Amino acid sequence: LSGLDPAQPYFQGTSIEVRLDKSDAEFVDVIHTDSAPTIPNLGFGITPAIGHLDFYPNGGKQMPGCGKNPVSQIVDLDGIWEGTRDFVACNHLRSYKYYSDSIIYPDGFLGYPCASYEAFGTESCFPCPQEGCPNMGHYADKFKNKIQKTFVKLYLNTGEAKDFPLWRYKVTVTLSGKSKVKGYVNVALYGSGGNTKQHQIVSGTLKPANAYTNFIDVEANIGTVTKVKFLWNNNRINPTFPKLGAATITVQSGAN
């Protein structure tokens, strides 16, 4: 039984006979996409974990792409009707859009077990544990025999628009060069299954011999990494023409 952002008003805080609960089926998975408080944030979705697996994409409150201005959101690519519905309840409706995308991407939407969305951005929730990570959506039930805790909260990020799944990597870049400069470093990943656009690893003061680490959520499952493109820019004209390179780049897939 899959709960697509189960309702908060009149259901949150009630007994399990009234609302969705893990006792309702052999396996209950839940996607929370609009779990901010109804007052004052107008959140429509329930906040607590209530299933065997509870997924909180993007933290579960504000979904990427739902903050567009009203005009651009109503005059949507999918038509006026779809755009108007999204304007009224965009976060709430993301749950079924993620679910339908999950049918097409069996390897997508990996949920990382974590104490909070804030912790999800740290090393403590990466990579997946030894038993792996469940897939949010249609294929979540593949994980039902691996559940060890009473409640499992899972976090992940999604794209702003279709197609929604993203794949998480940890990238560490050690710089080479002669002097520190201000600027940013981007990388693009190439692999046997596809390649990515540029993703920023660090911005600010760049020091040779220093290692910089960041998590990136990329738009393709690239498979085996075959090449990494390294780019940097100092954002300004510098008459000394500083040079930076990458001594090493380490790429770790969250899945394995």
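Visitor: Does Glu123 count as buried, partly exposed or exposed, and what is the relative accessibility?
Guide: This is a predicted model. In it, Glu123 has 46% relative accessibility and counts as partly exposed.
Visitor: Which residue forms a salt bridge with Glu123?
Guide: The partner is Lys170, and the closest N and O atoms are 2.9 Å apart. Glu123 sits in the loop between α4 and β5 while Lys170 belongs to strand β6, so the pair ties together parts 47 residues apart in sequence.
Visitor: And Lys170, buried or exposed?
Guide: Lys170 is buried, because a relative accessible area of 15% is under the 20% limit.
Visitor: How many salt bridges are there in the whole structure?
Guide: A search finds 5. One of them joins Glu26 to Lys144, with 3.2 Å between the closest N and O atoms. Glu26 is in the loop between β1 and β2 and Lys144 in the loop between α4 (117-120) and β5 (152-156), so this pair ties together parts 118 residues apart in sequence. Glu26 is exposed at 67% relative accessibility, whereas Lys144 is partly exposed at 34%.
Visitor: What does Arg168 pair with?
Guide: Arg168 forms a salt bridge with Asp217, the closest N and O atoms being 2.8 Å apart.
Visitor: Staying with β6, where is Val173, and what does Val173 touch?
Guide: Val173 is found in strand β6, which covers residues 167-177. Val173 is buried, with a relative accessible area of 1%. Leaving aside residues up to four places away in sequence, its contacts include Val187, Ile201, Tyr212, Phe230 and Ile249. The C-alpha atoms of Val173 and Thr213 are 6.5 Å apart, although 40 residues separate the two along the chain.
Visitor: Now the surface. Which residues form the positive patch?
Guide: Lys180, Lys182, Lys207 and Arg236 form it. Lys182 lies in strand β7 (residues 181-191) and is partly exposed, with a relative accessible area of 48%.
Visitor: Which residues form the nonpolar patch?
Guide: Tyr10, Phe11 and Val18 do, with about 360 Å² of accessible area together. Val18 is in the loop between β1 (2-4) and β2 (29-31).
Visitor: Finally, how many helices and strands does the chain have?
Guide: The chain has 4 helices and 12 strands. Of its 256 residues, 46% count as buried.

Key. Residues numbered from 1 in each chain as written. Predicted model: local features only at pLDDT ≥ 70, side-chain atom pairs only at ≥ 80, totals over all residues. Heavy atoms only, no water. Helix = DSSP H or I, 4+ residues; strand = E, 2+ residues; numbered from the N terminus. Buried < 20%, exposed > 50% of the residue type's maximum accessible area, 1.4 Å probe, protein only. Contact = heavy atoms within 4.5 Å. Patch = residues over 30% accessible without salt bridge, like charges linked within 9 Å, V, L, I, M, F, W, Y side chains within 5 Å. Areas by Shrake-Rupley, 256 points an atom, 1.4 Å probe, with all protein chains shown as cover. Salt bridge = Lys/Arg side-chain N within 4 Å of Asp/Glu carboxyl O. Lys, Arg positive; Asp, Glu negative; His and termini not counted. Charge placed at Lys NZ, Arg CZ, Asp CG, Glu CD.
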